[in-house]
Amino acid sequence: MDKKTKMKRSALRKRWIITGIVFLLCAAALWLFIGAVRRKSAAQMREMCRLSEQARISELNADIDQCKDITQTLKLLLQDSNSEEIRNFTMISRNMLYGRNEVACLQLAPDGIVKETYPEDAGYSDKKDLFQDKETREICEYSKTSGAIVVQGPIEMKQGDSCIVVRNPVYLYGQDGKKHFWGFTIAIIRVSKAFQAALNSLSSFGYDYHLYKTNPLDTKYHLVNSSKRYLVKPETVSFVNGGCTWRLDVTPKKGWQVTDSLKNYCYFGSVICVLITVLVYLVLMISEDRKKLVSMSEHDSLTMLLNGRRFGTDAAAAAARAASNGCGFGIIYIDLNCFKKINDQYGHQTGNDVLVEVAKRLSASVPYAAYRLGGDEFALLVTDDFTEDGYGDIIRGIKAFFEAPVVVGSHLIYVSISAGYALSSRDGNDPEKLRSIADQWMYREKQKYHRMKEIENIDGTKQAY
């Protein structure tokens with residue numbers, strides 16, 4: 001594999017590596033952006049959920065208070081009459097329950113014993129002693145002692161309904177003027193209809209819910225109503241009413257992820273990532289092509305040495321450095337002797353091969369930049385501050401590299417050079433003047449070489465180029 005192919009493969013590999021890194025960075029940025037959007041959307045959804053819960057809690061409190069108000073009305077009737085019973089209980093209850101489908105029945109329980117029920121045929125007319133029943137004893141004792149309205153449930157009734165029971169303790173004044181416990185006014189409320197408006201509004205706004213409550217003297221939550229069996233990471237809010245703690249859990253029906261907008265972000269973000277990656281790839285290609293064009297404009301296409309244009313730029317830069325910090329530099333001009341005869345005898349292709357070999361030997365002979373100025377003319381830009389003897393040593397070292405013949409195919413061709421130099425410490429910092437001086441010295445050496453060749457030909461010695 002030649003050097004040019006290796007450079008192409010290296011550039012291609014570098015291009016793909018940079019493009020891949022850019023794509024990964026874009027993908028990471030997109031991932032972070034989507035994550036931030038997802039978190040922000042979830043926070044906004046939770047805030048909306050909390051606001052909706054607060055509104056529903058107000059409605060639930062109102063529904064519970066309405067259920068308590070029914071028992072409070074019966075209580076006031078007893079207290080106003082200060083009698084042990086309510087006359088026309090059936091008619092009064094019928095009027096109170098008109099249009100109230102959530103109320104299953106009303107009951108009166110003097111001394112804690114259920115004695116009157118409306119409607120009697122509703123299936124809730126068990127006449128039992130609440131202070132003797134194990135499920136109601138403690139709660140009723142608490143209500144009797146504290147005077148607080150208690151809400152017990154949910155309770156599975158024999159009719160299959162799930163109900164909550166509101167018990168309001170009643171105290172009347174006896175003949176002795178003292179207040180004594182009379183019993184309870186009771187309302188049995190159907191869970192399925194009691195909170196229907198508030199909970200249905202949650203469903204209409206796209207939420208699933210669980211409504212829980214505790215019982216008095218108990219901290220365990222019991223499920224009152226729900227729209228779904230399981231809720232994922234619900235937003236929870238609690239409130240107290242009827243001696244119980246109520247808890248409402250709510251989640252969006254579609255979950256906390258805003259999938260539609262996230263899909264759009266993913267789609268458009270992916271398109272942008274690809275476009276940026278392609279753009280970077282094209283920019284790298286253009287940059288590499290530009291570098292190639294710059295390199296082509298500054299290098300000789302045959303020998304791949306720097307060309308005359310670049311030589312002028314570098315010489316001017318060296319002169320500027322010398323003027324600013326006083327460091328010396330110099331120029332060496334080199335020309336092949338009798339190169340025209342090589343072209344005439346062996347052909348231009350062989351001549352080109354000779355020039356390529358000369359370029360390699362020049363580059364190998366000195367640690368300085370070598371330039372092909374055109375044809376068989378070359379130059380060196382010496383960036384060290386040498387004396388004249390130093391430049392003589394450099395030129396002798398270069399000529400030593402041309403003692404061996406150049407092998408081109410089956411031909412052994414001896415090549416010699418003529419060289420001249422100019423140095424800034426002697427000839428000044430003007431690059432054009434230095435080039436002219438170096439060219440003049442090279443021309444003088446070339447004339448000297450030709451005179452020596454004429455003497456050799458007269459003497460009959462061997463011919464060399």
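Start by selecting Pro-154, which sits in strand β3 (residues 150–156). Helices and strands here are DSSP runs numbered from the N terminus, with at least four residues of H or I for a helix and at least two of E for a strand.

Before you move on, a quick word on the model. It's a predicted one, so local features need pLDDT of at least 70 and side-chain atom pairs count only at pLDDT 80 or more, while totals for chains, interfaces and linings use all residues. Residues are numbered from 1 along each chain as its sequence is written, and side-chain values use heavy atoms, leaving out hydrogens and water.

Next, select Tyr-118 and Pro-119. They are joined by a cis peptide bond too, with omega at about -10°. Pro-119 lies in the loop between β2 (116–118) and α3 (137–146).

Why stop at bonds and angles like these? Most peptide bonds are trans, and most residues other than glycine have a negative phi.

On to phi, then. Pick Asn-88, in the loop between α1 (3–81) and α2 (89–96). Asn-88 isn't a glycine, yet its phi is positive, about 55°. Is Asn-88 buried or exposed? It counts as exposed, at 53% relative accessibility. The cut-offs, using a 1.4 Å probe and protein chains only, are under 20% relative accessible area for buried, over 50% for exposed, and partly exposed in between.

Last stop: Cys-338, in the loop between β11 (330–336) and α8 (339–346). Cys-338 is another non-glycine with a positive phi, about 55°. Cys-338 is buried, with a relative accessible area of 12%.
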